[in-house]
Every structure is written in structure tokens, then in C-alpha cells.
Amino acid sequence: MQREQFQMRANETTKASSSANSYRHGRRSNLPELLSAVNPKSLTNIVKRADIYKAHKPVGPSSRGIAPFPQARSMTMRYLSVATFTASMIVLPASLSAQQSTMKAEISATSDKFRSQYIRLAEDTEGLLLEPTEPTANPRIAFVFSHPNRDNFKEQPGPAVANLGYRVMLVNYRGDRDNPDAPPEAFLPSISRGIAYLRKLPGVEKVVLLAHSGGTHMGTLYQNVAEHGPSVCQDARKIVPCDGKKIGELEKPDGLILLDPTLGAAHQMSAVDPAAGGEGRDKSVDMFATENGYDVEGKKATYTAEFTQRFYKAQATRNNEIVDAALERLKLIEEGKGEFSDDEPFVVKGVGVRALGARLYQPDLRFAAHTKQLHTLIRSDGSRTEEIIKSVRPSAGGKQVLAILDQFGAMNYSTTVRGFLANSAILANAEFAFTADDIVGVDWASSYTSTPSNAEGVTVPTLVLTMSCHYLVVPGEVIFDHLAATDKSYASVEGATHLFQPCRPEYGDTKKRVFDFVDQWVAEPGRF
């Protein structure tokens, strides 16, 4: 009933936006960002915010681990639950943590091959333009890079592409300083300004939108809206519509590159813990219980078919209950009956984001194990073969995960009602599951931050480039299959982690192979 009511609202919003002719889960899963989520100073701020609301009285029973209502629990408990999921995100395999910490020192927006220039693109948008110091063979093509991150100026893709002789505009949207879970459409005008600036530079004929990790769902949304207008994120199938006020006339990129892309809202929902919905953990669907196949000492798992089916069905059910709870709160807010006039806190117990959460495919490597079709594998010896792409990632888990399941800062998703619905709400059915080579049972079109759904509107040349030492090989293929583009490519870099580094020494310089392939793909005669 709630979803039907909001789909009626979606139609009304579409009409209003159209008549005015105007106008989001991933976010990136790197170690520095994960650690910042449990920064002591941040936690102190959360506690301070909780103190403000200590006088708020709880009124009634809780519901399935969801605490968005006055009757669910006090505001104090909401804020004191803020990070309960986040610490689970930082439990990474030791080898991955080590390589990411060494990688951090390599990131730089300075080089003898390019110069950088800070540019204020708008009041809420800043850019960093990277330009070659010497004439190169690549003056025609420029790149714009952005991510729903606070600072993109030192993210690896920008400098890596600039080192190859391309002009690159790194874009930061600063309008989210008071809203850390801003809806993804808020970022789109900033990307458009970056593209417009590049098009005015002498010699630039084509602009390619470059996106990585959690930035890929935003990049795919941008491309879809730029090609077809705001109506694509406001149709009746959406749980809630996007705000179309400022995204009616976006600059159109000429190509799209998705580096190790995530699913968008579905990446968030795949971390919903079905065992955490009540007062205690439900052992029948607890993926962290040894009786269900979880190997604590081995930091891995082997789940039975029966448990897998039970788990995914319960995960889909709880996900949809969370969506309905958020819609109920939004209805009350819009009727003037919410805790605040515009939005309110929304905390859900047992939902992880970023790198970890209640995802079977992390400890059990039989899930999301390989692609269905043959694709290009960029091998460590430099050769390229067409084959089924297999993920070579290590398993993740162990005592560290068990130790934080019930801790403050480990398994709660803290956001707002509107923030959740815009960034993370998507629907699944009883058939939902990750298999060895597919993801089924997701209503991709129910979320406007769904990467596969937005891919259906992308017609420009598109490259999906995954890293085989990560768990996004299969999601990348799902996105690839949904692309409308006739000129589209899927490739994977053997042994590369999500941040482009080798997960084992024998894989060599994976970062170089990533961006050399990007260079060669862009330079393909006739493409641009």
C-alpha cells in the first residue's frame, strides 16, 4: 500500500518537473574510508548529538530491528546505534589491508608529466584540472572524474589517466556538507559543470565520464539522465522519484568508463543481516553461526544449499520491510506528523555498507565466483585471452567479525528517511540470490540509484573494467549485460584489487595494466 501511494506521488512529481522543464551504496570500499567511519572524534560527535535528544521519550514497541519511529526507541538510542555496522566494514584480509596501506602513499595529484590547477566551477562545486606539461598524442579527448566522496582530488584514476597524457577534471560537490547522505542527483550538476569547462578548452573534442567503485552508480545515473532527461529517475516503478529540478539539461558525455562498478542500492541491500531483525540473533538465518557453515578460524564459510535458500529469502523479506518502514515515516513527515518537518533520523540494526556486511559471497567464494560469458582477461604477463573471468579474491571473515556483531559502531546503518530511500532502497523478491555467476530476484528498476537499471539508458561507448581480486566480477557483468550501448566492452585485470593493486606479488604491476587498457580502449580507431 505504501509503495503504491508513493508511485502515485512519483507520477505527480514527474508531471511537475516536466511542466517546469527543469529539474545517490555503496560508496567506495577502501581502507582509509572505512577507518574514518569509526574515527574516535566522529564517534564523540555522534554521542554529543545523542545527548541533545536524551529527553525524547520512547512510546511503543520496536519493529524488526528498525528504529525510525518515536515508538521504536528514543533518539538517544538512534544516535548511539549509528556505527554498529561500520566496524564490520573494516575487517579486511590482512594481505589486502597491507597493500592498501602501502598504496595510499602512491596517490598524488602532482607529477612531472602534468600540472594541476584549482578551479571554482560554482559556489558548491570545485574542480582540479590536470593538464599535460608537454604536448601529447591525446589532446582531443578529456576525462571528468567524480565520486560521492568528500575529496576526489587525490583519487587514483585522475592522476593515472593524466600521466598518460590526457586532460582530466576532478570534481568535488560541496553542497552536501550538511547532508552526508545527500541524494545522488544533488551531485549531477557539478559533474555537468566539469564537462562544460572541458569542452571549452582548446582542442578538446570528446569528453569521457570516468567512474570508480561507489562512483559508478552515480556515473551511470548521470549518463542516463543526460541522455534522456529526469523522467528516467521518476517513473512509476521507482520506490521514490529523484528530484528533477536541477538535472534537466546536463552536459552529455561522449563515453563512459566504469572501473570495478558496484550495483548501487542493491549493493547496500546485499548487506542486510536477516538474523539481526529481532531482539536476539535468529540462528536459522545467521551466516556467522558455525552450525550454518561459518569457519571462524579459517576465515571462510561453506554454506549448504538449504541454508543459502533460507538466508536469501529472509534477507529479501527483511530488506522489503525496511523499505516499507521508511516509506511509512516519509508519509508521516509529508503529512506534518513526523519528528521534524523535512526529514528525520533512520537507523536500522544489522545493515552493513561499503566492504563488509551480511554477504555470503565474502566468506564463501563459491558465490559471485565467475562470469557467465567469455570476456577479455588482461593477464599478469601482459597477454590477453578471451575466457570465463574467475574471481581470485581471498575470503573474508573470522573472529574479528564475530567480535563486532553486537558492538557499538559495527552493524547499524545510520542515515535519514529521505537519505535511505534515495540511496539504498530497492526491492527484492522471494527468488533473490547471488549464485556462482549471477544475481537474481532484484527489481532493478525500483531504485533510481540502481546501476543495472540506469545502464539500460546508456547508449554511448562504454567500458566495464573489473578487478579479478575483488567480488565485483559478477556484478560488473550484470551491469554490462544491461547496457544499451552497441559499442560496449567488458574486461578484467588479473589479480588486481578494488584499488588496482596486486593481491599477490606474482600478479605484477596491475595498476599499470588497468590504465594502459583504458588508454588503448579510448584510442581505438573510430570509437571517439
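Helices and strands here are DSSP runs, numbered from the N terminus. Keep that in mind for the labels. One caution before we go on: this is a predicted model.

Let's begin with a loop. Lys299 is found between strand S7, residues 294–295, and strand S8, residues 300–301. Its phi is positive, about 55 degrees, and Lys299 is not a glycine. Most residues other than glycine have a negative phi. Lys299 counts as partly exposed, because its relative accessibility is 36%, and the buried class stops under 20%.

Now a second case. Asp260 also shows a positive phi, about 45 degrees, and Asp260 is not a glycine either. Its place is the loop between strand S6 (255–259) and helix H9 (265–269). Asp260 has a relative accessibility of 0%, so it counts as buried.

Step back to the whole protein. How many helices and strands does it have? There are 15 helices and 16 strands. Of the 528 residues, 60% are buried. The accessible surface comes to about 20,200 Å². Carbon and sulfur atoms account for 52% of that surface.

Next, the inside. The largest nonpolar core holds 95 residues. Which residues have the most contacts inside it? They are Val144, Phe420, Leu421, Phe432 and Ile439. Helix H10, residues 305–334, gives the largest share of this core, with 10 residues. There is also a second, separate core of 32 residues. Phe114, Tyr166, Leu463 and Val518 are included in that second core.

Look at Val144 for a moment. Set aside its neighbours within four places in sequence. Val144 is then in contact with residues including Met169, Val171, Ile191, Gly194, Leu198 and Leu210.

A few residues along, we meet His147. This histidine lies in the loop between strand S3 (141–145) and helix H6 (157–162). His147 is buried, because its relative accessibility is 2%. What does its side chain approach? A polar atom of that side chain lies 3.3 Å from the backbone nitrogen of Gly215. His147 and Ala211 are 64 residues apart along the chain, yet their C-alpha atoms are separated by 7.0 Å.

On to the aromatic rings. The count is 17 aromatic pairs. One of them joins Phe288 and Tyr294, and that pair is edge-to-face. The centres are 5.5 Å apart, with 85 degrees between the planes. Why edge-to-face? Because planes over 60 degrees apart count that way. Both partners are buried: Phe288 has 7% relative accessibility, and Tyr294 has 4%.

Ring pairs also build a cluster. Its members are Tyr303, Phe307, Phe311, Tyr312, Tyr361, Phe367, Phe432, Phe434 and Tyr471.

Last stop: helix H14, residues 473–482. Why call H14 largely enclosed by the rest of the structure? Because eight of its 10 residues are buried. Those are Val473, Val474, Pro475, Gly476, Glu477, Val478, Ile479 and Phe480. The charged end of Lys488 sits over the Phe480 ring, 4.6 Å from its centre.

Asp260 is buried, while Lys299 is partly exposed. Each has a positive phi without being a glycine.

Definitions and conventions. Residues are numbered from 1 along each chain as its sequence is written. This is a predicted model: local features need pLDDT of at least 70, side-chain atom pairs count only at pLDDT 80 or more; totals for chains, interfaces and linings use all residues. Side-chain values use heavy atoms; hydrogens and water are left out. Rings of Phe, Tyr and Trp (its six-membered ring) pair if their centres lie within 6.5 Å; planes under 30 degrees apart count as stacked, over 60 as edge-to-face and the rest as tilted. Buried means under 20% relative accessible area, exposed over 50%, partly exposed in between (1.4 Å probe, protein chains only). A charge sits over a ring if NZ of Lys or CZ of Arg is within 6 Å of the ring centre and within 35 degrees of the ring normal. Helices (H or I, at least four residues) and strands (E, at least two) are DSSP runs, numbered from the N terminus. A polar contact is a pair of N or O atoms within 3.5 Å; within protein, one must be able to donate a hydrogen and the other to accept it, and residues adjacent in sequence count only if both atoms are side-chain atoms. Accessible areas come from the Shrake-Rupley method with a 1.4 Å probe; for residues, only the protein chains shown count as cover. A nonpolar core is a set of buried Ala, Val, Leu, Ile, Met, Phe, Trp, Tyr and Cys residues joined through side-chain atoms within 4.5 Å. Contact means heavy atoms within 4.5 Å.
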